[in-house]
Amino acid sequence: MVAGVALLPNWTAGAAVVDDPTVNAATKATFQKLADAVFTDRTQALVDGAGSKGTRHTAGFSGSVRMSGGQTDQQSSAVKTLTARKGLLAKLGEKYSAGSTQVTLDATEVHGRRAKVAVTETTTLTYEKPAAKGPKTTGFQAHHELTFKADRTGDWQLTGIRDTDDGYLAVNQIAKPAVAKVKTSPADDSPPDAPRAATSWPAPANPKSLTGGAYDYKAMVAYAQKYWNNYNPDYPDYNGHGAGGDCTNFVSQTLKAGGWKHVPGYTNDFHKWFGNADIQSDSFVGVNEFSWFALSSKRVTPLANVYQADIGDVLQMDFNRDGEKDHSMIVTYRDRFGVPYVTYHSNNTYNRSVASLVASYPNAYYYAYRT
């Protein structure tokens with residue numbers, strides 16, 4: 001053997017060809033470890049001082065389970081993109097001092113030399129300089145499907161990664177949002193248009209009174225903190241299986257916990273708003289329909305800038321700027337610098353700063369509602 005030359009399997013020269021490989025417990029564990037390494041590297045690219053160290057975790061995988069050449073290139077591109085995002089966040093005053101990612105294997109489906117592996121990613125990022133009474137961390141859960149293919153010697157290669165949540169707002173994800181929309185026709189008249197909110201910093205002052213009004217904003221925050229990850233069994237779960245996402249359903253539940261009252265009627269009438277275990281109005285669970293109800297009922301007033309949002313206010317996004325809103329979030333904290341933090345479903349996320357959203361999706365349209 002010539003030193004420094006790696007010998008590759010020569011299939012055309014009669015190299016050994018194994019039967020369809022068996023995916024045993026040890027192989028599944030390695031699938032899980034490689035998935036953990038992939039998403040850990042992406043998270044660490046956002047951590048101050050960590051991105052320059054490269055993909056340390058995935059670089060150690062070779063042999064019986066490894067990344068394909070194409071997937072290695074995609075991972076390098078993802079880490080590069082996230083490192084650039086870290087720089088944008090720093091300009092907005094946000095840095096992370098530490099990151100932690102854990103991946104659990106949920107299911108494995110094997111067909112001959114191909115395997116699909118469903119995993120759940122749980123990631124937490126620690127804010128570098130949190131406020132004394134503010135959130136110390138932000139975090140989320142995301143679900144992915146990894147595709148593996150075995151070569152003729154029985155070695156498995158990771159060939160693809162697909163995000164399977166209906167929503168798409170994890171801070172360490174890099175692809176364009178996959179938007180699932182369910183349109184309904186207004187009951188009798190044209191729905192109101194929400195004005196877009198600016199994303200410039202700093203924003204003009206627009207203070208909000210958090211006490212003495214009709215709504216209990218502390219109760220909203222408490223509800224969001226309790227159910228951001230553990231869904232309330234008293235309501236349906238619209239996340240997954242093409243249901244359209246659970247983001248607006250979660251926001252409506254949170255507002256209801258803080259004092260919003262039902263307006264009963266037909267489910268497709270955007271002037272109505274109600275939701276329980278058995279039935280929900282379109283405005284309770286639909287992104288656009290919620291905006292139509294909230295504005296037409298005068299329960300909200302538009303805000304000119306996303307940085308004016310305060311506790312209990314609602315933010316929405318239109319990722320591809322096509323006029324159809326795609327995602328709803330509720331503000332659960334506002335720091336001393338005037339940056340709001342949002343909590344939402346699909347992906348399940350708590351206390352993510354609006355600065356992080358703007359840095360991650362600078363071309364999206366934003367809408368802000370004072371409740």
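Colleague: What is pLDDT like over residues 180–188?
Modeller: In this predicted model, pLDDT stays under 50 across that stretch, residues 180–188.

Colleague: And how many contacts beyond four places in sequence does the model have for residues 180–188?
Modeller: The model has 18 such contacts for residues 180–188. Where pLDDT is low, though, the predicted coordinates should not be read in detail.

Colleague: What is the mean pLDDT for the protein?
Modeller: The mean is 86, and 86% of the residues reach 70 or more.

Colleague: Among the helices and strands, where is confidence lowest and where is it highest?
Modeller: Helix 2, residues 56–59, is lowest with a mean of 78, while strand 11, residues 365–370, is highest at 98.

Colleague: Changing topic: how many cavities of 30 Å³ or more are there?
Modeller: The search of the whole structure turns up 3. The second largest cavity has a volume of about 50 Å³.

Colleague: Which residues are closest to the centre of that second largest cavity?
Modeller: Of its 12 lining residues, Thr138, Phe140, Val171, Thr349 and Arg352 are the closest to the centre.

Colleague: Which elements give two or more residues to that lining?
Modeller: Strand 4 (137–150) and strand 10 (348–353) do. Strand 4 gives the most, with 3 residues.

Colleague: And how does the lining split by class?
Modeller: The second largest cavity is lined by 7 nonpolar, 4 polar and 1 charged residues.

Conventions
Residues numbered from 1 in each chain as written. Predicted model: local features only at pLDDT ≥ 70, side-chain atom pairs only at ≥ 80, totals over all residues. Heavy atoms only, no water. pLDDT = per-residue confidence, 0-100. Helix = DSSP H or I, 4+ residues; strand = E, 2+ residues; numbered from the N terminus. Contact = heavy atoms within 4.5 Å. 1 Å grid on protein atoms, 1.4 Å probe; cavity = no way out; pocket = protein on both sides within 12 Å on 5 of 7 lines; lining within 4 Å. Points joined across faces, edges and corners; volume = space filled by probe spheres on them. Nonpolar A, V, L, I, M, F, W, Y, C, P; charged D, E, K, R; others polar.
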